[in-house]
Amino acid sequence: MPLPDSYRLTPVGSDRRDDVLRLDVWAFPTERSIETLRELPSPLSWHRTYGVAQVGDDELLAGFHGAYPLRAYPVPGAEVACGWLTWVGVHPGHRRRGILRGMIEHHFADCLANGEAISGLMAAETPIYGRFGYGMASTQLSLTIPRGAALRPVPGAAELHVALEEWDAAAHGDLVAALHRDYARLPEGLGRPGWATRETPEQRAAREADPAALRGGKEALRLLIVRDETDTALAYATFRRTMSWERAGAEGTVHVREAVALTAAAGHRMWSVLLDLDLTSQVKISNLPVDDPIVSLLVDIRPAVPDYQDNSWLRIVDLPTALAQRRYAGDVEIVLEVTDAMLPANAGRWRVRAQAWGHAEVAPTDDAADLALDVRELGAAHLGAISLSSLAQAGLVDVRSPAALRAASAAWSWPVAAGANWIF
């Protein structure tokens, strides 16, 4: 469905940043002024940003969206190009006119033109994007861990050294970026699907900034670094603290922004420090993959109050390319019958053939289907964290062959849970 006749879509560059911010505060209410927001670094890749305006009115944007051009987005067993949809907003005075659908259709065409077989996003409102073929592909975990929570012992942890420093983007940015990037490829030979790193200069600058306007009443950003005897950095955590003085004394909270460790020993050492900072009573962290090592390190996870919600949503834009790019955890030969209301080239029957830990051959076929599903469910299963069998039990996959479901569920799965540890 194209945009209504009275609207047009146009590229929007950095010279129109104020117009973008003005729309953004209408779409996402905030206490911050345009003047304050203008001073913050923008994460947008301005060559992939587009606005919708009424014909004859170039000043007021009725809609806006952008894409992060990721080129090393982790999927099972591979890193691929991905057009990450972001900053999607429609002015409340222009809702219910087809503007969002028009922008999504443009985004899909833009992805295809840039060689991106998949699109991803993090949803402000989860019911919206399933209508456009996005499936919830990973879940995130939040924890509130009491200070002093017991950890299972890990050999070698006590020998590692810890430094606590004030965050300095110039001094620490490269180190943190390298550790974050390396973690995407662990465990070796598997990697963590969905673990997007800050690929673009704009993303990295925005993430590394620490403006007072974004601290939410907390202290300036702090950094914890774990090093071995050769002074090699093996783990980092960024965090802020808040204080609350109660009758019994200090009840401070450590708000961990990111906690990343390349070895089990470094992870244990990092958490042992975070869980024992003076004048605090708890540690809060969100955006964890559901199998983050802290889940296994905690002797008792119940007091940590686990909370789960959606993380990344995936949309397959070029089906044969997307399915051939990733690897599979088991032998499979299956015929999928796929529906796709927005991208007809994806619809139809596809034969997918792969050997364990290899890539797939994907080709159209007229053979009878083993499984029938919408592209939304195929996107949900793409990172290996949401199983095809669970989708079938929910009635979202039509199973024509139980044996095929068994093989496909094993093949599409992945030993490491998908997840990203930051919102972008």
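Tutor: Two strands are said to pair if DSSP finds at least two bridges between them; strands themselves are DSSP runs of E with at least two residues, numbered from the N terminus. This is a predicted model, in which local features need pLDDT of at least 70, side-chain atom pairs count only at pLDDT 80 or more, and totals for chains, interfaces and linings use all residues. Residues are numbered from 1 along each chain as its sequence is written, and side-chain values use heavy atoms, with hydrogens and water left out.

Strand 2 (residues 49–54) runs antiparallel to strand 3 and is joined to it by 5 bridges. Within this pairing, Ala53 has Leu61 of strand 3 as its bridge partner. The hairpin of strand 2 and strand 3 has 6 residues between the strands, and Gly56 there takes a positive phi near 90°.

Strand 3 also pairs with strand 4 (residues 78–90), again in the antiparallel sense, over 10 bridges. Here Leu70 has Cys82, in strand 4, as its bridge partner. In the hairpin of strand 3 and strand 4, 2 residues lie between the strands, and Gly77 takes a positive phi near 75°. In general, strands of a sheet pair through backbone hydrogen bonds, either parallel or antiparallel.

Note on methods
Helices (H or I, at least four residues) and strands (E, at least two) are DSSP runs, numbered from the N terminus.
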